[in-house]
Amino acid sequence: MKTLIVVDMQNDFIDGALGSMQAQAIVKNVKAKIQQYLARGDKVIFTQDTHDENYLTTNEGHNLPVKHCIEGTHGWKVADEIDMPDCDHVIKRTFGYTDWNKRYNFDDDIELVGLCTGICVISNALILKAQFPEINISVDSAACACVTPDSHKAALQAMSTCQVKVI
């Protein structure tokens with residue numbers, strides 16, 4: 001069974017506190033990818049960037065002083081048009097989820113889509129590559145977005161260098 005990991009397709013990253021036109025532009029591609037995986041009977045997992053009210057006092061908050069994805073808020077929720085409540089949702093409190101190998105025993109290809117290519121997508125792709133070195137990891141470039149087109153391209157190049165297949 002193949003796995004699609006939908007990274008941080010949350011309201012705050014699409015059209016909220018850290019939203020962008022680039023993020024809004026990939027929603028339809030992400031939705032189509034989710035439907036494709038579910039139609040085949042494959043696994044879909046959503047990650048959710050998750051912060052507390054004290055976000056601005058954290059190390060990340062000092063470096064990115066924009067309150068976002070505060071647990072329980074509208075901005076924290078996966079966008080309604082793509083969320084699949086019956087699928088797994090992984091709460092992560094940093095860029096990458098570090099316990100993939102404790103929670104899942106992946107035995108087939110893993111594909112990632114979502115936001116932000118240069119932060120959370122790349123972090124999760126490289127963690128997965130390190131934890132499951134014999135599994136094929138890929139990223140769909142048309143279903144990912146970053147702060148700028150240049151940072152998106154740079155992240156894709158870095159992942160490709162680390163043997164993450166960019167499609």
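What follows is a chat about strands, helices and a few single residues in a predicted model.

User: Let's start with the sheet. What's the strand order, and is the pairing parallel or antiparallel?
Analyst: The order is S3-S2-S1-S4-S5-S6. Pairing is parallel, and this six-stranded sheet is open.

User: Which strands sit at the edges?
Analyst: Strand S3, residues 88–92, and strand S6, residues 165–166. Each of them pairs on one side only.

User: How many bridges between S2 and S3?
Analyst: Five, in the parallel sense. S2 covers residues 43–49.

User: Is S5 mostly covered or mostly exposed?
Analyst: Mostly covered. Seven of the nine residues in S5 are buried.

User: On to helices. Which strands does H2 lie across?
Analyst: Helix H2, residues 21–40, lies across S1, S2, S4 and S5. The angle between H2 and S5 is about 135°.

User: What about H5, which strands does that one touch?
Analyst: H5 packs on the sheet and touches S1, S3, S4 and S5. Its direction makes about 160° with that of S4.

User: H5 also packs on H6, at what angle?
Analyst: About 15°, with the axes 9 Å apart. H5 spans residues 117–131 and H6 spans 149–161. Angles under 35 degrees count as roughly parallel, so H5 and H6 are roughly parallel to each other.

User: Left-handed or right-handed crossing?
Analyst: The crossing of H5 and H6 is right-handed.

User: Which residues make that contact?
Analyst: From H5: Thr117, Gly118, Val121, Ile122 and Ala125. From H6: His152, Ala155, Leu156, Ala158 and Met159. By class, the H5–H6 contact has seven nonpolar residues, three polar and no charged ones.

User: Which residues have a positive phi, then?
Analyst: Aspartate 8 is one of them, at about 50°. Glutamine 163 is another, at about 70°.

User: Where are they in the fold?
Analyst: Aspartate 8 is in the loop between S1 and helix H1. Glutamine 163 is in the loop between H6 and S6.

User: Is aspartate 8 buried or exposed?
Analyst: Buried, because its relative accessibility is 0%, and buried means under 20%.

User: And glutamine 163, buried or exposed?
Analyst: Exposed, because its relative accessibility is 61%, and the cut-off for exposed is over 50%.

User: Last one, valine 66. Where is it?
Analyst: In the loop between helix H3, residues 59–63, and S3. Valine 66 is partly exposed, at 28% relative accessible area.

User: Which residues does it contact?
Analyst: Ala17, Leu18, Tyr55 and Leu56, leaving aside neighbours within four places in sequence.

User: How far apart are the C-alpha atoms of valine 66 and cysteine 116?
Analyst: 15 Å, with the two residues 50 apart along the chain.

Terms used:
Residues numbered from 1 in each chain as written. Predicted model: local features only at pLDDT ≥ 70, side-chain atom pairs only at ≥ 80, totals over all residues. Heavy atoms only, no water. Axes fitted to C-alpha atoms, helices over the stretch in contact; angles between N-to-C directions. Helix = DSSP H or I, 4+ residues; strand = E, 2+ residues; numbered from the N terminus. Parallel < 35°, antiparallel > 145°, perpendicular 65-115°, else oblique. Left-handed = near helix turned anticlockwise from the far one by under 90°. Contact = heavy atoms within 4.5 Å. Nonpolar A, V, L, I, M, F, W, Y, C, P; charged D, E, K, R; others polar. Pairing = 2+ DSSP bridges. Buried < 20%, exposed > 50% of the residue type's maximum accessible area, 1.4 Å probe, protein only.
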